[in-house]
Amino acid sequence: MKRQIETPYGVVFYTPERKKVKNINLRIKPDGSVYVSANRLVPQAVMDAFVFSKAAYIVNAQAQCQNRPESKPVFPEKEIAGVITAICQKVYPYFEGKGVPYPRIRFRKMVSRWGSCNAAKKILTFNTNLMLAPIECISYVVLHEFTHFLVCNHSDAFYRELEKVCPDWKTCRKKLKEIHIR
């Protein structure tokens with residue numbers, strides 16, 4: 001059930017959610033809808049006060065959601081798996097030379113990641129929303145995930161290794177952050 005709070009910045013509507021969490025969490029979805037989750041022991045008045053205290057941030061974020069252009073696919077959804085697989089095969093010889101066995105490649109829609117690496121199980125999973133990204137960004141994601149087989153975290157050593165195979169990784173990462181997934 002949506003709630004509304006009068007603030008100096010206008011009326012803010014939000015959907016309260018009760019979860020097993022320690023903190024009050026604020027999420028603004030790409031469509032501008034606001035969700036606030038809190039432990040069931042947190043009184044509704046405290047959730048309302050939290051939303052009131054974050055009103056300026058919420059209104060600003062909602063304005064950005066409205067002004068953000070929707071991303072258009074660069075590749076058809078049915079072709080993205082083939083594009084990613086071809087890039088994996090193209091970059092693999094470098095990693096094979098470093099002792100990395102060819103991983104199992106999987107695809108799925110993800111909300112907050114472009115890819116993931118399970119080094120122990122030798123699985124790379126890629127977001128099918130990469131169809132919205134230019135080819136150089138897709139290559140960056142593939143190289144990023146393959147690099148996790150060499151360095152399993154995001155330390156300086158990881159980025160030094162990534163820099164060897166993808167010198168423009170910072171530019172690609174920035175482009176990916178600008179892609180809006182609904």
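Tutor: An axis here is a line fitted to C-alpha atoms, for helices over the stretch in contact, and angles run from 0 to 180 degrees between N-to-C directions. The model is predicted, with pLDDT of at least 70 needed for local features and 80 or more for side-chain atom pairs, while totals for chains, interfaces and linings use all residues. Residues are numbered from 1 along each chain as its sequence is written, and side-chain values use heavy atoms, with hydrogens and water left out.

Student: At what angle do α4 and α6 pack, and are they therefore roughly perpendicular or roughly parallel to each other?

Tutor: Helices (DSSP runs of H or I, at least four residues) and strands (E, at least two) are numbered from the N terminus. The axes of α4 and α6 are 9 Å apart, and their angle is about 110°. Angles under 35 degrees count as roughly parallel, over 145 as roughly antiparallel, 65 to 115 as roughly perpendicular and the rest as oblique. α4 and α6 are therefore roughly perpendicular.

Student: How many charged residues has the contact of α4 with α6?

Tutor: With the two helices set at about 110°, the contact (heavy atoms within 4.5 Å) is made by E136, C137, Y140 and V141 of α4 together with W169, C172, R173, K175 and L176 of α6. Here Ala, Val, Leu, Ile, Met, Phe, Trp, Tyr, Cys and Pro count as nonpolar, Asp, Glu, Lys and Arg as charged, and the others, Gly among them, as polar. By class, the contact of α4 with α6 has 6 nonpolar residues and no polar ones, and its charged residues number 3.

Student: Are α4 and α5 roughly parallel or oblique to each other?

Tutor: α4 packs with helix α5, which covers residues 156-165, and their axes are 10 Å apart. The angle between α4 and α5 is about 135°. α4 and α5 are therefore oblique.

Student: Which residues in α5 meet α4?

Tutor: α4 brings Y140, L143, H144 and T147 to its meeting with α5. The residues of this contact divide into 6 nonpolar, 2 polar and 1 charged. On the α5 side, the residues that meet α4 are F158, Y159, E161, L162 and V165.
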